[in-house]
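Hi everyone, thanks for coming. Have a look at the slide, and I'll talk you through what's on it.

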Amino acid sequence: MEMPVFLRRFGALCLVAAATFAVHAAPQDDAPGDAVAVATALLDHLDAGRFAAAEALFTPQMAQAVPADKLQAVWESLPNQAGPATGRGAATVDAQGAVRLVVVPLHYANAALVAKVAVQDDGKVAGFLVQPAPPPPAAPPAADAGFSERAFEVAGLPGTLAMPDGASASAPVPAVVLVHGSGPHDRDETIGPNRPFLDIAHGLAAEGIAVLRYEKRTKARPQDFAGGDFDMDDETTDDAVAAVAALREVAGIDPARVYVLGHSQGAMLAPRIAAQSGGVAGLVMFAAPARPLLDLLLEQNHALVGLDGSIDPAEQAHLDRLQAQVDAVRGAADVAVADSPMGLPAGYWRAFEAVDPVADARATTVPLLLLQGGRDIQVVAADWALWQAAFPGDPRATLHHYPALNHLGIAGEGPGNLAEYQQPGHVDAKLVGDIAAWIHAQAGR
């Protein structure tokens with residue numbers, strides 16, 4: 001396993017083995033069964049511990065990004081998180097751009113996962129991802145919900161706009177753009193059976209606040225990253241800035257009251273989005289990291305491999321390799337993708353090294369609402385302490401801490417853990433209410 005909620009390659013929120021799905025081969029009319037056979041062979045090799053044979057199925061790019069030792073570390077970690085494997089479901093195949101995407105349900109005692117295998121026409125695996133199985137489709141809002149939803153595109157990305165009933169040019173409403181954490185999120189930021197962005201959108205819309213959520217570019221258009229030269233602006237910031245601009249043009253929305261709500265990595269970048277937009281009325285920063293991204297990457301990996309109380313040799317080898325990769329990208333020399341954390345280009349990490357989220361937040365002039373769960377195992381108490389120290393008595397910043405909430409804003413008991421991401425729940429109503437009250441309060445300032 002690599003990172004859970006906060007840091008992932010273009011993968012899931014947890015339980016991830018990932019590499020880019022962007023490839024360059026032209027699609028052919030090969031039979032879907034051939035792609036299924038390749039995906040099945042890959043999974044058979046992994047289950048049998050034949051990791052070198054599994055790597056041999058990869059394209060050169062994939063083999064460099066996810067070599068056999070990394071593949072082994074991820075695959076062997078899955079039972080520690082999901083319980084013993086109990087079988088597989090029937091594969092489905094979808095032609096997706098330049099590959100055939102084979103989706104295979106993976107059954108574990110404590111989790112339902114899916115393996116996604118991108119197979120080129122030459123039979124080589126160009127992408128591989130393991131993630132939680134998606135929940136059933138969400139029910140549409142009730143007729144008396146107080147709002148309606150409609151399709152809304154952002155810079156070529158499909159999205160959904162929730163509009164309160166009664167919003168009009170003569171009675172415009174405030175609006176919020178939701179900005180995802182890391183990974184290829186859908187518009188609901190779906191994590192296992194949970195949809196935190198859907199909960200937030202519906203909760204705020206019922207309180208008279210329009211909400212725009214959209215598919216993240218790494219989810220909807222992974223081919224945009226095929227060149228391997230990209231940073232957080234290509235991945236997140238530019239689309240959020242476009243979303244703010246688009247919302248300000250919508251009839252019934254007050255262009256002076258468009259806010260950004262960022263979650264996790266999205267919260268870390270929220271001040272950057274405000275600075276580049278110039279049209280943001282305020283920022284809601286939910287589970288915002290306050291420290292360098294690579295520091296959190298190391299910290300979270302150490303915490304995750306130690307969840308069972310011990311670190312075995314394979315896990316230690318993974319940690320040692322990760323430390324070497326971090327040291328490499330923090331240097332000045334050229335770094336191959338295979339020697340960079342999580343198979344991301346060194347330039348991506350070096351761009352993030354220049355981001356100081358606390359300094360960026362202090363530099364912005366808009367009001368801030370910072371929210372933190374006390375059971376968050378991704379963005380932890382050390383980050384919250386830094387945010388508290390950054391704004392002592394500052395009337396521009398409002399800080400709320402919720403002892404029972406995890407990284408998703410869902411309540412639980414005892415220490416936070418990975419298993420609860422697979423347990424259905426909803427974002428805490430008080431957190432959503434606090435956001436709505438804060439946004440409405442800004443109108444009187």
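I'll start with the sheet, then go on to the helices, the cores and a few single residues.

First, some housekeeping. What you see is a predicted model, where local features need pLDDT of at least 70 and side-chain atom pairs count only at pLDDT 80 or more, while totals for chains, interfaces and linings use all residues. Residues are numbered from 1 along each chain as its sequence is written, and side-chain values use heavy atoms, with hydrogens and water left out.

Okay, the sheet. When I say helix or strand, I mean a DSSP run, numbered from the N terminus: H or I with at least four residues for helices, E with at least two for strands. Strands count as paired if DSSP finds at least two bridges between them. In general, strands of a sheet pair through backbone hydrogen bonds, either parallel or antiparallel.

Here, 8 strands make an open sheet with mixed pairing, and the order is β6-β7-β9-β8-β10-β11-β12-β13. Which strands stand at the edges? They are β6 (147–151) and β13 (397–402); each has a single partner strand, so one side of each has no neighbour in the sheet.

Let's walk along part of the sheet. Strand β10 (residues 253–263) pairs with β11 in the parallel sense over 5 bridges, and Tyr-259 has Gly-282 of β11 as its bridge partner. On we go: β11 and strand β12 (residues 368–373) are also joined in the parallel sense, over 4 bridges, with Leu-283 opposite Leu-368 in β12. Then β12 and β13 run parallel, joined by 6 bridges, and Leu-371 faces His-400 in β13.

Buried, by the way, means under 20% relative accessible area, exposed means over 50%, and partly exposed is in between, using a 1.4 Å probe and protein chains only. Gly-282, Val-284 and Phe-286 point one way from β11, Leu-283 and Met-285 point the other way, and all are buried.

Next, the helices. Angles here run from 0 to 180 degrees between N-to-C directions, and axes are lines fitted to C-alpha atoms, for helices over the stretch in contact. Contact means heavy atoms within 4.5 Å.

Helix α5 (residues 196–205) packs on the sheet, touching β6, β7 (159–164), β8 (173–179), β9 (210–214) and β10, and its direction makes about 160° with that of β9. Helix α14 (residues 381–390) packs on the sheet too, touching β11, β12 and β13, at about 150° to the direction of β13.

How covered is α5? Of its 10 residues, 9 are buried, among them Pro-196, Phe-197 and Asp-199. The buried residues of α5 pack against β6, β7, β8, β9, β10 and α15.

That brings us to helix α15 (residues 429–442), which packs with α5 at an angle of about 50°, the axes being 9 Å apart. The contact is made by Ile-200, Gly-203 and Leu-204 of α5 and Val-432, Ile-435 and Ala-436 of α15. The two helices, α5 and α15, are therefore oblique to each other. For that word, the cut-offs are: under 35 degrees is roughly parallel, over 145 roughly antiparallel, 65 to 115 roughly perpendicular, and the rest oblique.

Now the cores. A nonpolar core is a set of buried Ala, Val, Leu, Ile, Met, Phe, Trp, Tyr and Cys residues joined through side-chain atoms within 4.5 Å. The largest one has 40 residues, and those touching the most other members include Tyr-214, Leu-247, Leu-283 and Trp-387. Helix α7 (residues 232–247) gives the largest share of this core, 5 residues. There's also a second, separate core of 30 residues, including Phe-51 and Leu-106.

Last, a few single residues. Glu-189 isn't a glycine, yet its phi is positive, near 50°. Where is Glu-189 placed? In the loop between β8 and α5, and at 1% relative accessibility Glu-189 counts as buried. Ser-264 also has a positive phi, about 55°, without being a glycine. Ser-264 sits in the loop between β10 and α8 (265–268), and at 0% relative accessibility Ser-264 counts as buried.

Finally, Ser-277 is in helix α9 (residues 270–277), and at 23% relative accessibility this serine counts as partly exposed.
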